[in-house]
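Hi everyone, thanks for coming. I'd like to walk you through one chain today, from the overall picture down to a few single residues.

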Amino acid sequence: MPDVYQLQGQRIYVAGHRGMVGGALVRRLEAAGCEVLTAGRERADLTRQAETEALIAELKPDAIIMAAARVGGILANASYPADFLYQNLAIEMNMVEGARRAGVNRFVMLGSSCIYPKLAPQPISEDALLTGPLEPTNEWYAVAKIAGLKLAQAYRRQYGLHYISAMPTNLYGPGDNFDLNSSHVMPALIRKAHEAKLSGASEITMWGTGSPLREFLHVDDCADAIVHLLQHYDGDEHVNVGSGEDLAIIDLLRLVCDVVGYHGEIRHDLTKPDGTPRKLMSGDKLRAMGWTPKIGLREGIATTYQWFLAHVDATGTSSARL
Ligand code: GFB
C-alpha cells in the first residue's frame, strides 16, 4: 500500500505513554525512526482543557496518537461509570481541540471494541456502529469512545484535518494492570494462576460462567497496527484492530494455567458479571491494507507472564509503567 504519511524523522506525541498501549507505541515509533514526544501527568492533566492545550502548543508535534484514557476491566467499568464517561470525554475533547489549535494535521484516536452493540452480528464489521443497544457493564466507556471517533470524523469534515480512529479489541501484554479489582481478564488470570501455583492452592476462582467469548491481541501487535494505519490510512471511518480469533474465557483460563504451570480445579464466582456474550471483530478492513498480527496467543501469554514475574511485586504493584 502507498504511504499517506512518512514516519521517518517525524515528531510524534504519544499521549498516555505510561499505559500499556502508550508504552508499546513508544517502542514501535522509536524503532521506526521517529522522535517520540511524551509528557507525564505532572506536566499536564489531560482532563483539564487549558493545561492540555498549552502542552500541545508547546510540543508542536507533527502527529498525535491518543492512547491516554481511563481504562479498566468489567468490574471497574461497572463501578465507576462517572469517571469512565467524564474523564474519557474530557481527555478526547481537550486533545482534539488542542491539536487543531496547535495546527497538528495528523491524529489517531484510539477506541475499543465495546463501542459496538451488545448483540451485534459476529464478526463485527465497522458498519455495526450505532445499530443497537450497548452492553450495560461498559456503556459509559463505550459512549465516550463513540464520541471520540465522532470527534475525529467531525474535525476531518469541518476542518479538513487528517484525523483517523482505530478500535482495538481486548489487549494484553507487558505493562498491563495486574490489580485484581480493576484489571482486564488476561492479567487477572495470569496473576491468579501464578499465586495459586505458589501457594499450592487446590482451586482457582474465575469470575462469571466462563462462557463469554473474547478476542485477544498482544499490545505490540496493536501498536504495529496503529502505526500501520498512521502510515497508510486516511479515511473517515474507524478501523477495527484485532487478531481475528476468539475463545471462551474458560478456555483462556485453561491456557493461562498451562503456560503458568498450575493444575488445580476451576471454580466460578457467579456474583461477578459475564458482560457481553461475544465480541469478535471483523479484521477485513485492516487486512485489506496489508496488516496481519504476528504474536500467537500462547506465545503472547508466555512473554506477558515473564514480564509479570520480572516487574510485578507481591503486592501486585508494578515497578514500571502502571
Ligand atoms: O476483560 P474483562 O474485565 O472485560 O472481562 P470485558 C472479560 C470476561 O472475563 C468477563 C471474565 O466475562 C469476565 O467475567 N473474567 C473471568 C474475569 N475471571 C475474571 C477476572 O478475574 N477478572 C476479570 N476482569 N474478568 C471490557 C470493558 O469488557 O473490555 C472495557 O469493560 C473495554 O470497557 C475492554 O472495552 C476491552 O471484555 O467484558
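Predicted model: local features only at pLDDT ≥ 70, side-chain atom pairs only at ≥ 80, totals over all residues.

Residues are numbered from 1 along each chain as its sequence is written, and side-chain values use heavy atoms, with hydrogens and water left out.

The C-alpha atoms fill a box of roughly 60 × 40 × 40 Å, taken along the principal axes. How does the radius of gyration fit a compact globule of 322 residues? Such a globule would come near 20 Å, and the chain has 19 Å, which agrees. For the record, this radius is taken over C-alpha atoms, and the globule rule is 2.2 Å times the number of residues to the power 0.38.

Buried residues make up 54% of the 322. Buried means under 20% relative accessible area, exposed over 50%, and partly exposed in between, with a 1.4 Å probe and protein chains only. The accessible surface comes to about 13500 Å², with 52% of it belonging to carbon and sulfur atoms; the areas come from the Shrake-Rupley method with a 1.4 Å probe, and for residues only the protein chains shown count as cover. As for contacts (heavy atoms within 4.5 Å), take those between residues at least 6 apart in sequence: 81% of them join residues at least 24 apart.

Now the sheets. Six strands form an open, parallel sheet in the order β2-β1-β3-β4-β5-β9; two strands pair if DSSP finds at least two bridges between them. β2 and β9 (239-241) stand at the edges with a single partner strand each, so one side of each has no neighbour in the sheet. Neighbouring strands here are turned by 25° against each other on average, direction ignored. Axes are lines fitted to C-alpha atoms, for helices over the stretch in contact, and angles run from 0 to 180 degrees between N-to-C directions. At the β9 end, strand β5 (residues 162-168) runs parallel to β9 and is joined to it by three bridges, with Ala-166 opposite Val-239.

Helix α1 (residues 20-31) packs on this sheet, touching β1, β2, β3 and β4 (106-110), and its direction makes about 165° with that of β1. Helix α2 lies across β1, β2 and β3, at about 155° to β1.

Let's stay with α2 for a moment. Which of its residues are buried? In this helix, residues 49-59, they are Thr-52, Glu-53, Leu-55, Ile-56 and Leu-59. They cover an arc of only 160° around the axis, which puts them on the same side of α2; the arc is that of the directions from the helix axis to the C-beta atoms. An α-helix has 3.6 residues a turn, so residues three or four places apart point the same way. The buried residues of α2 pack against β1 (11-15), β2 (35-37), β3 (63-66) and α4 (81-101). On the other side of α2, Ala-50 and Glu-58 are exposed. Just after the helix, Lys-60 takes a positive phi of about 40°.

There is also a mixed open sheet of three strands, in the order β6-β8-β10. Its neighbouring strands are turned by 45° on average, direction ignored. β6 and strand β8 (residues 213-218) pair in the parallel sense over three bridges, and Leu-171 has Leu-217 as its bridge partner in β8.

Finally, two single residues. His-228 sits in helix α7 (residues 219-232) and is buried, at 13% relative accessible area. Beyond four places in sequence, His-228 touches Tyr-233, Leu-286, Met-289, Gly-290 and Trp-291. Tyr-86 lies in helix α4 and is partly exposed at 46%. Leaving aside neighbours within four places, Tyr-86 contacts Thr-47 and Arg-48.

Note on methods: Helix = DSSP H or I, 4+ residues; strand = E, 2+ residues; numbered from the N terminus.
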